[in-house]
Amino acid sequence: AFRILHPSHEITMVETGMGIENAARALLHLLQADKPDMVLSLGYCGALSPDASVGDVVWASGVCLIDGHKVETLALPDNRELFERLAIRFPVREGTFITMKEWMKKRDIAPLVDPRMTLPICDMETFGLARLCGSRTLPFLALRAVSDGADTDLLFDPWSVCDKSGMYSVARAMGLFLTRPHLLSHAKELQRNAKIASANLAQAVSALIRVL
């Protein structure tokens, strides 16, 4: 974690690691020493709708959790005014964030997606952060940039390249690709997409800071 001094804000950035438990644990640790005015969750996501493209930045208008075959929905505060102010500066889209308790392939998520959901995307952290903020009446926002389209699925479990804290591990990644070299081209494609997603997410966050 580190702090950034902005002309109008003091921002604490925390890298939580992958997974709902790791994300909530990191935020809980931060809240023991500080109470922020707002919590903003940022990261990548996978598209579950062909209407979303790589690089799209999605604003959470709803959040739910998939735990096995059980789906739990969590209501978010109404931030319509803030969303509209941000959308003037950067083309964000509204969407439903589907957080996976454990990593799943998109074809296994699809049957659990309610067709009435707005632009569904999947991640592995948002629900835990939103639930924790809700229990402490902390304002919460989430922005995610699409790093893989609906027609692209990971060919390996992302936990296989992370340590127990959910942080990327070079050693584990090298071990995976040495034993499965055919995955290298897939990993390079994901890297290219992540660069596009990162650039757009950075612009969206910059615009959000200006409207807060």
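I searched the whole structure for aromatic pairs and found two. For this search, rings of Phe, Tyr and Trp (its six-membered ring) pair if their centres lie within 6.5 Å, and planes under 30 degrees apart count as stacked, over 60 as edge-to-face and the rest as tilted. I looked up W59 and F83 and noted ring centres 5.4 Å apart with planes at 65°, so this pair is edge-to-face. W59 sits in strand β4 (residues 57–67) and F83 in helix α2 (residues 80–89), so the pair ties together parts that are 24 residues apart in sequence. Helices (H or I, at least four residues) and strands (E, at least two) are DSSP runs, numbered from the N terminus.

Before going on, I noted that this is a predicted model, in which local features need pLDDT of at least 70 and side-chain atom pairs count only at pLDDT 80 or more, while totals for chains, interfaces and linings use all residues. Residues are numbered from 1 along each chain as its sequence is written, and side-chain values use heavy atoms, with hydrogens and water left out.

I then checked burial, where buried means under 20% relative accessible area, exposed over 50%, and partly exposed in between (1.4 Å probe, protein chains only). W59 is buried at a relative accessible area of 5%, and F83 is buried at 9%. For F156 and F177 I noted ring centres 6.0 Å apart and planes at 90°, so this pair too is edge-to-face. The pair links distant parts of the chain, 21 residues apart, with F156 in the loop between β8 (140–148) and α5 (170–179) and F177 in helix α5. Both F156 and F177 are buried.

In the loop between β8 and α5 I also looked up T152, which is buried with a relative accessible area of 16%. Leaving aside neighbours within four places in sequence, I found T152 in contact (heavy atoms within 4.5 Å) with K106, H186 and E189.

L42 lies in strand β3 and is partly exposed, with a relative accessible area of 31%.

L119, with phi near 35°, is found in the loop between α3 (106–109) and β7 (121–123) and is buried at 10% relative accessible area. T137, with a phi of about 50°, has its place in the loop between α4 (126–135) and β8 and is exposed at 66%.

Last, I recorded the whole chain, whose secondary structure comes to six helices and eight strands. From the N terminus on, the elements run β-β-α-β-β-β-α-β-α-β-α-β-α-α. Of the 212 residues, 45% count as buried. The C-alpha atoms fill a box of roughly 50 × 40 × 35 Å, taken along the principal axes.
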